[in-house]
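Subject: Handing over a structure

Dear colleague,

I am passing on the structure below, and after it I set out what was found in it.

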Amino acid sequence: MTITFRGGFYGGLALAVCVGLYLLWLWRPERQVQLHTKNFLHAIEHRNWEAVSGFIGTDYQDQWGDDRARVLERMREGLRWVRGSRIIPSNMSVNAEGRRAVWIGKIVVYSTDDLVMELLDQRVNKLPTPFELEWYRISGKPWDWRLVRVSNSGFEIPADVH
């Protein structure tokens, strides 16, 4: 079997179309926000604070009054006590509009420490409302998203936690 120029051209064209279609699917805002959220939660779970900070935008503000620096500090401090942690999202959806997208989903945090797990169940895992992570695309690149806000109307940070 010989490969002709025409056969090679059509084969290359078919491959280019397949790659193009894959990139169009991959770079959709909904898909990018899903991937960014998954990787963000994975970085938190593994305490990769450099990667976590790379996901958070410089203009980050949340419903608890935290800015970028404060939320990073709170995560480090809070997860210091959570041994063998796992963060599992469920019931996720993404609403994208223009350069903004909101990831909505339930987040369950597990720990190998039974006492910590009891506290996590009370404060996070049994929340009736989902978390909302608002992402913003900061440039024309379809993969350049940053987290700008987190909220959950049912989640309260106790007053004694500074």
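For the classes used below, Ala, Val, Leu, Ile, Met, Phe, Trp, Tyr, Cys and Pro count as nonpolar, Asp, Glu, Lys and Arg as charged, and the others, Gly among them, as polar. Please bear in mind that this is a predicted model.

The largest pocket has a volume of about 1200 Å³, and 36 residues line it, with Arg-74, Met-75, Gly-78, Val-124 and Phe-155 lying nearest its centre. The elements that give two or more residues to this lining are α2 (29–45), α4, β2 (100–110), α5 (114–125), β3 (131–137) and β4 (145–151), and the largest share, eight residues, comes from α4. By class, the lining of the largest pocket divides into 26 nonpolar, two polar and eight charged residues.

For the second largest pocket the volume is about 290 Å³, and its lining consists of 15 residues, of which Thr-37, Lys-38, Asn-39, Leu-41 and Pro-89 lie nearest the centre. Here α2 and β1 (86–97) each supply at least two residues of the lining, and the largest share, nine residues, is that of α2. The lining of the second largest pocket has seven nonpolar, four polar and four charged residues.

Strands

Turning to the strands, β1 and β2 pair in the antiparallel sense over ten bridges, and within this pairing Pro-89 stands opposite Ile-107 in β2. Pro-89 is also one of the residues that lie nearest the centre of the second largest pocket. The hairpin of β1 and β2 has two residues between the strands, and in it Gly-98 takes a positive phi near 65°. On to the next pairing: β2 and β3 also run antiparallel, joined by six bridges, and the bridge partner of Arg-100 in β3 is Tyr-136.

Salt bridges

Side chains of opposite charge can pair when their charged atoms come close.

In the next pair, the side chains of Glu-73 and Arg-70 meet in a salt bridge at 2.9 Å, N to O. Glu-73 and Arg-70 are three residues apart in helix α4 (residues 68–79), so about one helical turn separates them. Glu-73 has a relative accessibility of 46% and therefore counts as partly exposed.

Lastly, Glu-77 and Arg-80 form a salt bridge through their side chains, at 2.7 Å from N to O. Both ends of this pair are partly exposed, with a relative accessibility of 40% for Glu-77 and 43% for Arg-80.

With best wishes

Technical notes:
Residues numbered from 1 in each chain as written. Predicted model: local features only at pLDDT ≥ 70, side-chain atom pairs only at ≥ 80, totals over all residues. Heavy atoms only, no water. Salt bridge = Lys/Arg side-chain N within 4 Å of Asp/Glu carboxyl O. Helix = DSSP H or I, 4+ residues; strand = E, 2+ residues; numbered from the N terminus. Buried < 20%, exposed > 50% of the residue type's maximum accessible area, 1.4 Å probe, protein only. 1 Å grid on protein atoms, 1.4 Å probe; cavity = no way out; pocket = protein on both sides within 12 Å on 5 of 7 lines; lining within 4 Å. Points joined across faces, edges and corners; volume = space filled by probe spheres on them. Pairing = 2+ DSSP bridges.
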